[in-house]
Amino acid sequence: MTLVIELRRGVSTVRTGRRPGPRPAAGTVERVVVDGELWAVLETVGRHRLPTLADVDPYGDTVLHGQAVDRMVRELEAADRSRLKGAESEVAWTLLAWGLRCRADSDLRISFSGD
């Protein structure tokens, strides 16, 4: 099952108090395409330890932002990632890094698109 995972920037409608200047562009910031690696992470670590990622629809679209990203980050930080190898480890570390970026920038979100 192929899954496209994107770090996306939404358009903020909130006044942030930032200085005048061009707004950051909305749309895809980074993208990875995985072919079963996310599901392998869930099997290796345990679906019960990563419930936020376990809820990703493999055939539809799922978007994580705000509290959902916070939950995912906490789950990934608490999980035993040392058991992950190769591409599985890369996916887990990428999602953790993106989650931390989303925490720091409320306009960012993580999007999963299944086939």
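Is Leu96 buried or exposed, judged by its relative accessibility? In this predicted model, Leu96 has a relative accessibility of 7% and therefore counts as buried, the cut-off for that class being under 20%.

The chain has 115 residues, of which 39% count as buried. When contacts with a separation of 6 or more are considered, 69% of them in the protein chain are accounted for by residues 24 or more positions apart.

Helix α4 is formed by residues 86-104, 19 residues in total, and spans 28 Å from its first C-alpha to its last, which is close to the 27 Å expected at 1.5 Å a residue. The buried residues of this helix are Ser89, Val91, Ala92, Leu95, Leu96, Trp98, Gly99 and Cys102. The elements against which these buried residues pack include strands β1 (2-9), β2 (27-35) and β4 (108-114), and helices α1 (37-45), α2 (51-54) and α3 (67-78) are also among them.

Leu96 is in contact with Val73, Leu76, Glu77 and Arg81, if its neighbours within four places in sequence are left aside; the C-alpha atoms of Leu96 and Val73 are 5.8 Å apart in space, although the two residues are 23 residues apart in sequence. Trp98, which is likewise placed in helix α4, has a relative accessible area of 3% and is therefore buried. When residues up to four places away in sequence are not counted, Trp98 touches Ile5, Glu6, Leu7, Glu30, Arg31, Val32 and Ile110. From Trp98 to Leu7 the distance is 6.8 Å, C-alpha to C-alpha, while the separation in sequence is 91 residues.

On the side of α3 the contact is made by Val69, Asp70, Met72, Val73, Arg74, Leu76 and Glu77, and on the side of α4 by Ala92, Leu95, Leu96, Gly99, Leu100, Cys102 and Arg103. By class, the residues of this contact of α3 with α4 divide into 9 nonpolar, 1 polar and 4 charged.

Helix α1 also packs with α4, at an angle of about 90° and with the axes 9 Å apart, so that α1 is roughly perpendicular to α4. Here Glu37, Leu38, Ala40, Val41 and Thr44 in α1 meet Ala87, Glu88, Val91 and Leu95 in α4, and the contact of α1 with α4 is made up of 6 nonpolar, 1 polar and 2 charged residues.

Thr52 counts as buried because its relative accessibility is 9%. With its neighbours within four places in sequence left aside, Thr52 is in contact with Leu64, Ala68, Arg71, Met72 and Glu75.

Methods:
Residues numbered from 1 in each chain as written. Predicted model: local features only at pLDDT ≥ 70, side-chain atom pairs only at ≥ 80, totals over all residues. Heavy atoms only, no water. Helix = DSSP H or I, 4+ residues; strand = E, 2+ residues; numbered from the N terminus. Expected span 1.5 Å × (residues − 1). Buried < 20%, exposed > 50% of the residue type's maximum accessible area, 1.4 Å probe, protein only. Contact = heavy atoms within 4.5 Å. Nonpolar A, V, L, I, M, F, W, Y, C, P; charged D, E, K, R; others polar. Axes fitted to C-alpha atoms, helices over the stretch in contact; angles between N-to-C directions. Parallel < 35°, antiparallel > 145°, perpendicular 65-115°, else oblique.
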